[in-house]
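Thanks for coming, everyone. Have a look at it first.

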Amino acid sequence: MAINAVARDTVFALRRQIAKIEGTLSERLEAPAGLDADRMLVRRSGVAESHGLLATGAQHFDAALNGGLPKAALTEFYGAETRDAGTVAGFALALAGLLLKAAKTPTPILWVGTTEIFREAGFPYARGLQANFGIAPQDLLYAEAPKISDALWIAEEAAGLTALSAVILELRGNPERLDLTATRRLHRRAQMAGRPVFLLRQAAFAEPTAAPVRLVVTPAPATLRNTLAGPLDGSIGRPGIAVTVGKSRAAQPGQFTLEWNPDERTFLDRTRSGATHQQPRDIQNRTKDPVAVVSLSSGRTDPATAARSVLAFTPRQSSSPGDQPSRPQRPAHRRA
Amino acid sequence: MISHRDRNAQRIAALDERAEALPLKPGMGIADARAMHPTIDIVEADPQADLRLLDGLADWCDRYTPLVALDGTDGLFLDITGCTHLFGGEHAMLDEILARFFHQGFDVRAGIASTAGAAWAAARFRGRCIIELGEEEALLGPLPLAALRLEPAIRSSLESVGLRTVGAVLAAPRAPLVRRFGAALLLRIDQALGRQDEAVSPRLPIAPLSVERHLAEPVILIDDIERLVFLLATALKTDLERRGEGARAVALLLFRVDGMVTRLVVGTSRSIREPRLILKLFQEKLTAIAEDFDAGYGFDLVRLAILTTAPFDMHQADLADTTEDSEEDLALFADRIRARLGEGAVLKPVAVESHLPERAVAVIPYWQDAPQRISPPKKPAGPRGLPSAVPFQPERPIRLFQAPEPVEVPASEIPDGPPRQFRWRRALYRVAKVEGPERIAAEWWRKEEPTRDYFRIEDTDGRRYWLYRQGLYDASKPPPRWFMHGVFA
């Protein structure tokens, strides 16, 4: 055991050095199996299970998260207000839907909530979940607890089960019960079972927890519906979700606007110069009416024309909620 | 002294011995009694509390026999057939019951007889006696008519013709009695004499299997109780195995020394027989009631009863024993939560065929099977055995408010159109994009409900809502109201 520990220490020291030379974080290097301190190795029938990462399908977002969200861990989703509950829950459920899509034999998802949050933010509606995320009613279980302590207990018991695909725990505000210890217990159980626990925190501000990844979710306008005749004016198409990586050991901080495609059941990046399928419309408008609809701010060139010129990095638009360039990109962008 | 209100006057309902000696009588006016004896202490009658007390006593009597029935407001029937040898014969059992009630502070009269009617008469008019089979007539003969459990009207009419004792009625010819006083009289006589069976309906259904343990030394600690539960469950397991069944509902009865009975019931979503699992469920139950759990001076009788059984499906483990029976894990998990937090703690949605969104999904407890009535019919398989694709899937929100919340809409551009802005939960929202309306009407057999026009609305911040207008604009009616029904992702 002692030799093992020493060997592991050496490996970690080396990894840190390599990371320093390469100019990245050591967490972003490919992890050797069983050596990561924070990851547990569970063998079932003698085969080590690799839990890996849950890729969302949005390339920029996945790249920023170093491959995706950890599957065997506690992940936090924050919503600033109760009325954002639809967006926050939608994001977590879309991820759960991705898990179900990847699973060979789907096992249920358990959604634990307090009576308060279900009353304030609405009860999950199975028809909508099936239509939007492909979660069939038989793959869904709810647990409603009158008190936060009961909800935490249910979630803890459920987190240790391999019979569930994912556990979603939804709480409101910043209760005292949900401290470092409580989240650490949830995280440990999720690691042991190899199943994710999504902690949805509505109307809460960020506080220290044991979750390795924290995402702050805010709503973003939906795209227009695509028809054969082009985008339909005034319609509400694919929902937009703005996600800020609040905390992650492996990820770079940044804000991303994702789009959920309910037909393909995958996430898309909404790129800086507007969504890909919105671009023809912009061009169309410009050819039809060359005068800019919104007056440009003085002393700046038209960002749309600049985007078409060949640049290493497209300039950042302050108004668009697109993703920020990562840290090493910033100086380059300033020079441009 | 206890008073009750009878025909608009406070009258005496019951008295203790000292008041009886004064002399006061039941049925006397309270005002008269006060005038005669100003010092009397009068308590208002509380029939509900009396019933609760009787229920508690009946619970306690469960220790002697599972067949305990309430008799009116002041009596209990115990069917002790086949139970007497456990307590050393009828005499010993009667003595023990009376002694225990006496220690609890109750003045109880009891009688044992082979028919319910005779036992009733013996308890009320003789007291502490055992009537052997065939002695009923001798017992009832000299007793007044009240011993037959007759209606007051029949009793008074019998008395008016001079039949004042049961013996006199028994001696009279039967046919004229039936003609004059009805069949009820003869029924009561036959029941008392054992010529006709009388069913005593027990308060609780009889458990198919039950095992109990009398303790010489009362137990107080929860750990000891849990250990006892395990022992009792182990004893039950062989019985269950012989029957090829498992338990679906298990009750734990804890009889406290001072007469209180704690009854804990756990239900399971699939049949179980492992003592370990039964113990786990009761551990949750005991944790849940930890604050209200009062062991007092301890429990001297612990009984584990299986209330309902179901066939137990066996499955064979493979050699390595690595198969993960995930459904079993899940069932046990759900049962534990149910034991701790109650029946509605774990829920599952079931799709229902209905137009109305809130009716289209029923949320039922996890262990219930979906009723056949509400489960949608199987979709016909399309070509190549694939289920046919749904032609049109309407947009539905992911969260639905339990009751649609009223929304203030100041004005919409056109009367039947979407709102420009609305006020919900005291906050103002500006509408950026709208889709709709989607008109949803109730099924034709629910005519009275007005139609709803649903709009998908995105506000300027990008949140998406599901609003509807109930009813239509009509000059003669009040303007329709708007409601918030759900939110989208």
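A rule before we start: two strands pair if DSSP finds at least two bridges between them. Strands are DSSP runs of E of at least two residues, helices are runs of H or I of at least four, and both are numbered from the N terminus. This is a predicted model, where local features need pLDDT of at least 70, side-chain atom pairs count only at pLDDT 80 or more, and totals for chains, interfaces and linings use all residues. Residues are numbered from 1 along each chain as its sequence is written, while chains are lettered from A and ligands numbered from 1 in the order in which they are written.

Start at one end of a sheet in chain A. Strand β15 (residues 255–261) of chain A pairs with β16(A) in the antiparallel sense, over 4 bridges. Within that pair, E259(A) stands opposite L268(A) in β16(A).

Now zoom out. How many strands form this open sheet? There are 11, in the order β16(A)-β15(A)-β14(A)-β11(A)-β5(A)-β10(A)-β9(A)-β6(A)-β8(A)-β12(B)-β13(B), and the pairing is mixed. β16 (266–269) of chain A and β13 of chain B stand at the edges, each with a single partner strand, so one side of each is left without a neighbour in the sheet. From one strand to the next, the twist averages 30°. Angles here run from 0 to 180 degrees between N-to-C directions, and axes are lines fitted to C-alpha atoms, for helices over the stretch in contact.

One helix on this sheet is α6(A). α6(A) packs on the sheet by touching β6 (109–114), β8 (140–145), β9 (166–172) and β10 (197–202) of chain A, and its direction makes about 165° with that of β6(A). For contact, read two residues whose C-beta atoms, placed from the backbone, lie within 7 Å.

α6(A) also meets chain B. Helix α6 (residues 148–159) of chain A and α13(B) pack at about 165°, with their axes 11 Å apart. Parallel or antiparallel? α6(A) and α13(B) are therefore roughly antiparallel to each other. D150(A), I154(A), E157(A) and A158(A) in α6(A) meet F333(B), R336(B), I337(B) and L341(B) in α13(B). That contact divides into 5 nonpolar, no polar and 3 charged residues. By class, Ala, Val, Leu, Ile, Met, Phe, Trp, Tyr, Cys and Pro are nonpolar, Asp, Glu, Lys and Arg are charged, and the others, Gly among them, are polar.

Next, the whole interface. The contact takes 45 residues from chain B and 47 residues from chain A. Which element gives the largest share of the side of chain B that touches chain A? α13(B) does, with 8 residues. That side of chain B divides into 24 nonpolar, 6 polar and 15 charged.

α13(B) has a neighbour in its own chain too. The axes of helix α12 (residues 275–288) of chain B and α13(B) come within 7 Å and cross at roughly 30°. That makes α12(B) roughly parallel to α13(B). Their contact divides into 6 nonpolar, 1 polar and 6 charged residues.

Where do the chains join? Strand β7 (residues 123–124) of chain A pairs with β14(B) in the antiparallel sense over 2 bridges. There, the bridge partner of F123(A) is L400(B) in β14(B). Further along, strand β18 (residues 464–470) of chain B and β19(B) pair in the antiparallel sense over 6 bridges. R469(B) stands opposite W482(B) in β19(B).

β9 (residues 245–256) and β11 (residues 299–311) of chain B run antiparallel, joined by 11 bridges. L254(B) stands opposite V302(B) in β11(B). β9(B) also pairs with strand β10 (residues 261–272) of chain B, antiparallel over 8 bridges. β9(B) and β10(B) form a hairpin with 4 residues between them, and G259(B) in the turn has a positive phi of about 100°.

That's the tour.

Definitions and conventions. Angles under 35 degrees count as roughly parallel, over 145 as roughly antiparallel, 65 to 115 as roughly perpendicular and the rest as oblique.
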